[in-house]
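Please read the following report alongside the sequence and the coordinates. It moves from the confidence of the model to selected parts of each chain and to the contact between the chains.

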Amino acid sequence: MKKITSLLFIENILWVINPYLILLCVFSNDIIVGPWISWLGQWHPVVLHFPIVIGLMISIYLLANYKLANKEAIEKNVFRIHALLTSIVAILGILISLGGSYDKSIIISHKWGGLAITLIAWILVLTHKNNIFKNVLLRKSIGLIYLLVILFFTHKGGQLTHGKEALSLPNKVKNQIITNKPDSLLTVYEKAVNPILLDKCISCHGGERIKGSLQLTSIEFIKKGGRHGNELLNRIHLPLEEEKHMPPNDKKQLTKEELAILTKWMQLGGDLNKALNKLNKNDSLYILASQYIAPRNDKFKEQPDLSAYNSNYVLVQYKFHGSDKINVSFFQGSFYKTEFLQKLMEVKDQIVSLNMQSIPLQKKDMEIISQFNNLEKLNLNYTKLTFQDIASLKVLKKLNSISLAGIIIDNNKLDQFLQEVKVKKIQLWTNGFNQKDIAPLSVKYANISFSVGDNLEDSIMKLNNPIIDQDSTIITDRISVKLKHFLKGVTIKYTLDDSEPDSLTSPVYSKPLLLTKNVTLKTKVFKSGWLASDVIQKSFYKSELRPDTVILITKPDPKYMGTGGNTIIDHKLGELNFGNGNWLGYAKADMVFVMKFKKATILNEIIFNALINTGSYIFPIQTIKVEASEDGKQFHAIQNADYTAITKSYKKEPNINQAQAFKVNIVKAKASQYYKFTIGNLKKIPSWHPGKGTPAWIFVDEVFLN
Amino acid sequence: MNEFLEHGLNQNRRKFLSKLSLGIGGLALGSLMVPSIFDAKNEDDLFNNILPHFAPKAKRVIYLFQNGAPSQLDLFDYKPMLQKMHGEDLPASIRNGQRLTGMTASQTKFPLAGTRFNFTQNKNTGAYFSETIPHIASISDDLCIIRSLYTEAINHDPALTFFQTGAQVGNRPSMGSWISYGLGSENKNLPAFTVLLSKGRGNGQGVYSKLWSNGFLDSIHQGVQFSSGEEPVKYLSNPEFIDRDDKRKMLDEIADLNQQSYKEIGDPEIVTKIQQYELAYRMQMEVPEVTSLQNEPESIIKMYGPDCLLPGTYAANCLLARKLSESGVRFVQLYHQGWDGHNNLPNELIGQCKDVDQPSAALIKDLKQRGLLDETLVIWGGEFGRTNYCQGPLTKDNYGRDHHPRCFTIWMAGGGVKPGVYGETDDFGYNINSLPVHVHDFHATVMHLMGVDHEKFTFKHLGRRYRLTDVSGNVVKEIIS
């Protein structure tokens with residue numbers, strides 16, 4: 001009894017590894033295996049013999065209904081050991097299958113077959129306690145089924161390892177001998193077809209492995225085809241995505257030319273003895289085959305991993321996948337250490353391109369770089385090196401292009417440098433160095449391509465405009481206005497008296513301006529070596545008074561209603577975008593509204609801020625009529641203003657798009673509680689405009705009251 | 001490893017833990033087998049091992065996207081025939097049933113509009129340039145001009161999305177995201193894919209973040225949009241009284257917690273978050289240096305024009321693009337709005353060119369004088385072209401042009417492209433006469449220049465593999481040097 005308990009742990013192990021096995025089976029396509037794991041997989045063909053033998057014995061034992069003395073206990077433990085071995089072998093099997101070099105269709109059936117065997121073995125263990133095992137008929141049938149399952153699926157496995165022909169009599173395999181005959185004596189087969197097959201097909205179809213029962217080593221086999229008949233031409237022409245496409249999509253593919261050679265040759269009947277020079281010289285098969293050069297067997301070597309050289313400050317990468325050439329870039333000069341460079345000595349002969357831009361290099365660094373024998377391209381922009389420091393580069397015979405932007409240039413030293421360092425391209429841009437300066441050298445070294453760039457330091461250019469850094473134009477009490485310009489060393493001048501700022505008399509801006517009354521700020525920047533900027537101006541409006549309500553008598557266009565009457569007294573300007581909700585827009589009618597104050601208020605000055613955008617049919621305000629009232633019912637006119645002259649001054653071009661203030665001064669101001677305004681639009685757009693004859697829009701975003 | 005499997009495996013682990021106390025052993029074995037199950041970094045390593053597929057001509061891309069579609073007929077594709085037939089109707093045989101946008105569909109006449117501008121020709125390459133872009137014309141010996149690009153979309157949003165992601169509907173990764181995913185960042189202290197926006201004076205069209213979306217790729221590959229304000233990357237500096245060491249400690253602790261919850265939940269976004277924190281930490285050092293334009297010498301400022309110091313302008317973005325690119329950002333994407341000239345096109349075009357011409361040319365020259373142009377691919381172009389007929393009223397020197405997908409011009413420079421002119425349109429500038437280049441072909445070519453075989457570079461999502469070019473695209477070998 002002691003023995004029995006001691007093997008109970010196997011059941012526990014089965015509970016761990018069998019779910020794991022199922023997992024592996026389901027996801028086997030997505031699993032990535034490391035070298036150790038695939039090494040483990042190699043044991044599958046070795047270990048598998050144990051469970052097979054035990055399994056066969058079990059099934060025969062069950063089938064024969066053999067009687068044993070201590071039946072219960074022995075059965076139990078043999079089943080357990082068998083199930084464990086089966087599971088292990090199945091897992092190893094999955095691992096080996098991931099290597100991928102087996103016939104997929106056989107693998108799939110073998111995989112699920114193996115799983116079935118494992119599960120049956122497990123079920124034997126699990127159900128053994130039950131009474132069903134007492135039933136003789138059941139025991140016999142389980143034995144029979146298991147026997148068949150094992151025989152069928154392990155046979156499949158045998159085909160995998162030993163080839164499809166494993167259990168049939170051996171065939172004579174004729175491997176084609178590659179000759180050293182001159183082209184004139186070669187057959188098409190020798191010259192091109194056989195090398196192509198050797199290169200792209202025979203690793204799976206011939207020689208050691210014969211997948212899908214297809215051998216491509218000799219013409220008889222080629223003609224006979226594989227398990228599915230002569231499918232060669234079909235399969236190589238299938239799209240890459242097709243599962244049946246050959247060569248498999250993870251293998252090296254046939255080139256267009258190779259595909260054409262195989263096709264043409266097969267179409268000619270696959271004549272083994274067709275001599276190349278018997279073909280018509282214009283025949284495409286002749287042309288392709290005679291130009292075909294069998295590949296030398298120089299596959300990409302798997303290059304050593306470079307991750308040890310990489311960090312956040314150094315990028316070390318192969319030029320491309322499979323190349324042995326290395327590109328190196330350094331970043332973040334403040335973290336630079338010579339050790340980073342020193343470390344690259346291990347791969348120094350592979351480095352072809354080195355980017356050291358803005359890295360604070362010294363002479364000792366250059367000595368290291370000078371040992372990168374195969375360096376072709378070097379970027380030393382802004383390294384603060386001198387020509388003396390980089391003279392050591394002369395030993396680099398392959399150096400082709402060097403960038404020295406930002407390095408101080410002395411023509412004599414450059415001349416000396418170019419005598420020693422044989423480059424084909426040199427990039428030399430630096431402040432104050434001109435195309436002219438390089439002229440003598442570019443004549444002397446005619447085979448070197450110089451790139452100096454345009455040095456525009458001395459060209460006269462117009463300054464861009466200053467910025468008035470204050471979004472609001474409304475002064476309720478006072479407003480602080482900043483002036484800005486981003487170019488170093490400029491002088492910002494300004495005026496507040498409507499005069500043009502000039503470089504002599506206008507005040508210089510030094511600190512933010514405080515504005516307290518209606519004013520137009522004009523500003524302009526100056527700098528020596530530059531033309532002065534345009535004048536930038538902005539008007540600021542005092543708005544001391546604010547009515548309590550605004551009642552719109554005529555309704556704005558539904559698309560441009562803003563927030564109703566409040567829109568024009570909310571101290572928010574609408575910019576030039578009339579659709580943004582800060583504007584009230586009127587199309588076909590005058591804008592009429594009433595302002596109501598809590599107390600009777602004197603209005604001296606009213607300013608309407610209106611938009612003019614002729615392209616969008618928005619024209620200036622034509623007339624403004626101001627009426628006053630004590631009770632909100634009886635209004636009497638107190639002021640009229642006319643602006644029709646503005647519109648008349650407009651000509652055909654260009655489109656005007658700006659905000660403009662329309663000011664009304666009330667000559668005889670009197671305190672009133674209600675004011676009514678009637679703002680007239682242009683009734684007929686002038687004839688030069690595409691919208692001639694139709695009424696124009698008016699847009700108002702704010703009214704300032706003083 | 002694909003997300004489905006990873007998620008599935010994580011879920012299985014949970015079931016095991018709760019249902020089978022012994023199952024944990026199986027899982028431990030599982031993690032031996034699938035090393036990347038707990039470690040998202042392996043995915044990248046795997047890709048770095050197979051990319052680039054072949055020797056790249058370009059290491060970096062700067063894409064100067066001209067949003068809104070500049071008029072090829074007023075910039076590059078000179079058609080004297082249109083000037084001769086100015087005002088005459090577009091022959092139906094030329095239009096050949098091309099669908100129209102809602103904006104001109106109701107027009108009964110399609111009067112041809114000859115360009116108002118004079119053109120000059122580069123005698124070496126045969127390329128034409130209008131007088132509005134003298135600076136670009138001055139570098140024409142370096143430009144590869146494709147006059148025969150065409151697209152499938154006729155409106156801005158689908159056309160832009162098509163150009164950026166290879167599909168007209170959203171949700172696919174942007175070009176820059178693909179490049180970031182495939183090639184990663186050169187400089188680990190900066191994102192691999194950055195986005196810079198600017199706005200011109202002309203009629204503008206929106207840009208939206210879906211254009212630089214990572215789509216189904218890991219969100220670390222999303223384009224990082226730099227702000228157009230004075231501080232290009234916001235909230236990057238440490239708060240007061242916190243120094244770099246404190247920050248390091250804090251990040252380590254947070255990463256620890258995040259690792260734990262990743263092991264628990266298995267959501268790959270947690271790993272992304274950890275990586276993003278780390279990148280931001282490293283960016284703290286690099287970004288201020290890269291984005292400060294104040295230290296550029298005056299000769300450079302004059303080359304790009306003084307606007308290059310004004311944050312948010314196209315000129316500033318071009319200068320910033322050079323600085324980012326030379327610091328190892330793989331893909332710098334600019335968008336400049338304002339090319340949508342449906343009416344008043346010539347006048348708007350002059351304004352647009354004022355902003356764009358000088359800095360675009362300066363960028364090429366600047367890269368060249370630093371020895372970077374041969375490894376940086378610069379692309380300049382919009383999402384489609386503009387019609388040869390007028391939208392709205394036509395006068396002698398003013399006209400508008402509608403969207404035209406059948407042919408348009410873009411140019412590229414540096415990074416392995418051959419200077420010259422490729423492709424030809426008919427005398428009306430309406431159809432392509434020879435060597436058409438589809439947007440997919442363009443994508444395939446850019447990928448090729450980066451050393452990537454567009455057909456092999458895929459990502460499996462929702463049960464099928466996607467590429468930037470999806471199922472089409474041919475490399476235009478003739479323009480590769």
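The sections below take up confidence, the two chains and their interface in turn.

## Confidence of the model

This is a predicted model, and the predictor assigns the complex an ipTM of 0.83 together with a pTM of 0.68. For chain B the average pLDDT is 87, and 90% of the residues score at least 70. Residues 34-48 of chain B, however, have a pLDDT below 50, although this stretch has 22 contacts in the model beyond near neighbours in sequence. Where pLDDT is low, the predicted coordinates should not be read in detail.

## Chain A in outline

Chain A has 706 residues, of which 33% are buried, and its secondary structure comes to 19 helices and 27 strands. Among the contacts in chain A with a separation of 6 or more, 67% are accounted for by residues 24 or more positions apart.

Once neighbours within four places in sequence are set aside, A:Ser28 is in contact with A:Ile94, A:Ser97 and A:Leu98. For A:Ser28 and A:Leu98, the separation is 70 residues in sequence and 7.3 Å in space, taken from C-alpha to C-alpha. Is A:Ser28 buried, exposed or partly exposed? A:Ser28 has 15 other C-beta atoms within 10 Å and is therefore partly exposed.

## A five-stranded sheet in chain A

Chain A contains an open sheet of five strands in the order β19-β21-β26-β23-β24, and the pairing is antiparallel. Its edge strands are β19 (549-552) and β24 of chain A, each of which pairs on one side only. From one strand to the next, the twist averages 20°. Strands of a sheet pair through backbone hydrogen bonds, either parallel or antiparallel.

The pairings of β23(A) can be followed residue by residue. Strand β23 (residues 623-629) of chain A and strand β24 (residues 636-642) of chain A are joined in the antiparallel sense over six bridges, and within this pairing A:Val626 has A:Gln639 of β24(A) as its bridge partner. The two strands, β23(A) and β24(A), form a hairpin with six residues between them, and A:Gly632 in the turn has a positive phi of about 85°. Strand β23(A) also runs antiparallel to strand β26 (residues 672-680) of chain A, to which seven bridges join it. In β26(A), A:Thr678 is the bridge partner of A:Lys625, while A:Ile679 is the bridge partner of A:Ile624.

## Helices of chain B

How does helix α7 (residues 156-165) of chain B come to be largely enclosed by the rest of the structure, and how many of its residues are buried? Eight of the 10 residues of this helix are buried, so α7(B) is largely enclosed by the rest of the structure. The buried residues are B:His156, B:Ala159, B:Leu160, B:Thr161, B:Phe162, B:Phe163, B:Gln164 and B:Thr165, and what covers them includes α8 (175-183) and α14 (439-449) of chain B. Just after α7(B), B:Gly166 adopts a positive phi of about 80°.

Two packed helices are described by the angle between their axes and the distance between the axes. For helix α9 (residues 244-265) of chain B and α10(B), the axes come within 9 Å and cross at roughly 170°; the two helices are therefore roughly antiparallel to each other. On the side of α9(B), the contact is made by B:Lys247, B:Leu251, B:Ile254, B:Ala255, B:Asn258, B:Ser261 and B:Tyr262, and on the side of α10(B) by B:Ile270, B:Val271, B:Lys273, B:Ile274, B:Tyr277, B:Glu278 and B:Tyr281. Divided by class, this contact of α9(B) with α10(B) has nine nonpolar, two polar and three charged residues.

## The contact between the chains

In the model, 53 residues of chain B are in contact with 50 residues of chain A. On the side of chain B that touches chain A, at least two residues each are supplied by α1 (3-19), α2 (23-33), α3 (41-50), α10 (268-291), α11 (298-304) and α13 (345-369) of chain B. The largest share of that side, six residues, comes from α2(B). The residues of the side of chain B that touches chain A divide into 22 nonpolar, 20 polar and 11 charged.

Technical notes. Residues numbered from 1 in each chain as written. Chains lettered and ligands numbered in written order. Predicted model: local features only at pLDDT ≥ 70, side-chain atom pairs only at ≥ 80, totals over all residues. Buried ≥ 20, exposed ≤ 12 C-beta atoms within 10 Å, placed from the backbone. Helix = DSSP H or I, 4+ residues; strand = E, 2+ residues; numbered from the N terminus. Contact = placed C-beta atoms within 7 Å. Nonpolar A, V, L, I, M, F, W, Y, C, P; charged D, E, K, R; others polar. Pairing = 2+ DSSP bridges. Axes fitted to C-alpha atoms, helices over the stretch in contact; angles between N-to-C directions. Parallel < 35°, antiparallel > 145°, perpendicular 65-115°, else oblique. pLDDT = per-residue confidence, 0-100.
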